[in-house]
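Please look over the sequence and the model before reading on. The text below goes through the sheets, the helices packed on them, the core and the ligand site.

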Amino acid sequence: MAAMVSEARPLSRPRRARRRRAMGPGPQICGHLVGEGDDDRPAGELLVTGQDGLEEGQAPAQPPVPGSLRLDREHRPAQNMGHERPRTPLPQRRRAHYRRPTMGPSDRRQRFEEHGYLVIPDFYPRERCDELRAAAEEIVTAIDPARLEVEFDTHGQRHAQPYFFESAGEIRAFLEPKRDAGQPRVNKLGHALHDLHPLFDRFSRDPRLAALVTELGCAEPLLLQSMVIFKGPRVGAEVLAHQDATYLVTDPPSAIGLWFALEDANMENGCLEVLPGAHREGLRSRFRREGDRCRTLLLDPRPWPEQGWQPVEVPAGTLVAFDGLLPHRSTANRSPHSRCAYTLHVIDGAASYASDNWLQRPPNMPLRGF
Ligand SMILES: O=C(O)CCC(=O)C(=O)O
């Protein structure tokens, strides 16, 4: 795949070693987790077991009721930008051919609409997560070190510059603002891994994901962006509270985040934290492209509440699906253990995509579905 990594070229052995150092020490696993069948789960934790009883890579035996989830353009409220997600009819409950019918599809949809997120353990086996992490490390190793200079900074958004905008159709690396013993570390890779790298493509286009987002109300799913967030030991930066719809505006709002724990995530290493139900309060701000820079437009001046945040502590292999309007954040990783995640954002092709979103794909690389 010649065009897989932007401006990548083979490295000499010493440069490869320098890149490896930039990746930091290998991942380690630590405990304090919520697992399937764990009855001590905090109240309100939305745990879905069984993924409809489907095996990895297996399409649902019976697809969702045809046509039941399509958005009707005629009946969509005009200029709904950043407000209520349109309510589409719930799919009819599928018959009980699932192995573990603990939560039916319409329960998942109802819970997703009520709380704004779902936790699906064991979506991928650990080996698939390890494989993805190894591929991500290989990508970093292959990137020209001269290109490794832009920091990803959720405080000042200093990364919002051409290098970042061009990553819409490439695979680029962004550095942690903090160094580890003087060494730069990679914060994230983005944003077209799912279209440019065969392994990420396969991981992202699992038929079970297509079935899930359809079930959650996405009529014509399009895979918009993907990221590997390394969250390295001691240096992994805080991600400030935000809604993904701030960056991925569609009318009506349609973004769904699919966040995969590639390593165990807990309070020590900076797991996701969400504000259950707050996706129903509308969009707080918009991140708008203005030429070669971006500006944040405040739509709702209220600060995020101090209370009510729910940590989502999960083992590797868990999928957390969340509404683009759900506020979420993660603390800095001050632990000796990394907390790597892969995240994929899907939008509905039946909604219109804002022309001033930062992410604009090059004309020769249109968005694709599953
Ligand atoms: O992984 C994290 O810490 C944050 C991820 C996030 O904000 C996202 O996927 O939208």
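Over how many bridges do strand β4 (residues 221–229) and β14 pair, and in which sense? The two strands pair over eight bridges in the antiparallel sense. Serine 226 of this pair stands opposite leucine 344 in β14. Helices and strands are DSSP runs numbered from the N terminus, with at least four residues (H or I) for a helix and at least two (E) for a strand. Two strands count as paired if DSSP finds at least two bridges between them.

This is a predicted model, in which local features need pLDDT of at least 70 and side-chain atom pairs count only at pLDDT 80 or more, while totals for chains, interfaces and linings use all residues. Residues are numbered from 1 along each chain as its sequence is written.

The secondary structure of the protein comes to seven helices and 15 strands. Of its 370 residues, 45% are buried. A residue is buried if 20 or more other C-beta atoms lie within 10 Å of its own, exposed if 12 or fewer do, and partly exposed in between, with C-beta atoms placed from the backbone. Among the contacts with a separation of 6 or more, 83% join residues 24 or more positions apart. A contact requires that the C-beta atoms of two residues, placed from the backbone, lie within 7 Å.

The pair of β4 and β14 belongs to an open sheet of seven strands, in the order β1-β12-β7-β14-β4-β3-β2, with antiparallel pairing. Its edge strands, β1 (117–120) and β2 (171–175), each pair on one side only. From one strand to the next the twist averages 20 degrees. Helix α3 (residues 126–142) packs on this sheet and touches β2, β3 (186–191), β4 and β14, with its direction at about 95 degrees to that of β3. Helix α7 lies across β4, β7, β12 (319–323) and β14, and runs at about 115 degrees to β4. Axes here are lines fitted to C-alpha atoms, for helices over the stretch in contact, and angles run from 0 to 180 degrees between N-to-C directions.

Helix α7 covers residues 207–215, and eight of its nine residues are buried. The buried residues include Arg208 and Glu215 as well as Leu209, Leu212 and Val213. Glycine 217 follows α7 and has a positive phi, near 115 degrees.

Which residues touch the most other members of the largest nonpolar core? Of its 76 residues, these are Phe260, Val320, Ala321 and Val346. Strand β4 gives the most to this core, with six residues. Such a core is a set of buried Ala, Val, Leu, Ile, Met, Phe, Trp, Tyr and Cys residues joined through C-beta atoms within 7 Å. Leaving aside neighbours within four places in sequence, alanine 321 is in contact with residues including Tyr117, Leu118, Leu212, Ile256 and Leu258.

Two further residues can be taken together. Serine 254 is found in the loop between β6 (250–251) and β7. Serine 254 counts as buried because it has 30 C-beta neighbours inside 10 Å. Its C-alpha atom is 5.3 Å from that of isoleucine 347, 93 residues away in sequence. Beyond four places in sequence, serine 254 touches Cys218, Ile347, Asp348 and Ala351. Aspartate 348 is placed in strand β14, and with 26 other C-beta atoms within 10 Å it is buried. The C-alpha atoms of aspartate 348 and leucine 223 are separated by 8.9 Å, although the two residues are 125 residues apart along the chain.

A second open sheet has four strands in the order β5-β13-β8-β11, with antiparallel pairing. At its edges are β5 (239–242) and β11 (310–312), each pairing on one side only. Neighbouring strands are turned by 25 degrees against each other on average, direction ignored. Strand β8 (residues 272–274) and β11 pair over three bridges, and leucine 272 stands opposite valine 312 in β11.

The ligand is surrounded by Ile229, Val239, Asp244, Gly257, Trp259, Leu272, His328, Ser330, Ala341 and Thr343. The shell divides into five nonpolar, four polar and one charged residue. Here Ala, Val, Leu, Ile, Met, Phe, Trp, Tyr, Cys and Pro count as nonpolar, Asp, Glu, Lys and Arg as charged, and the others, Gly among them, as polar.

Conventions: A residue is near a molecule or strand if its C-beta atom, placed from the backbone, lies within 6 Å of it.
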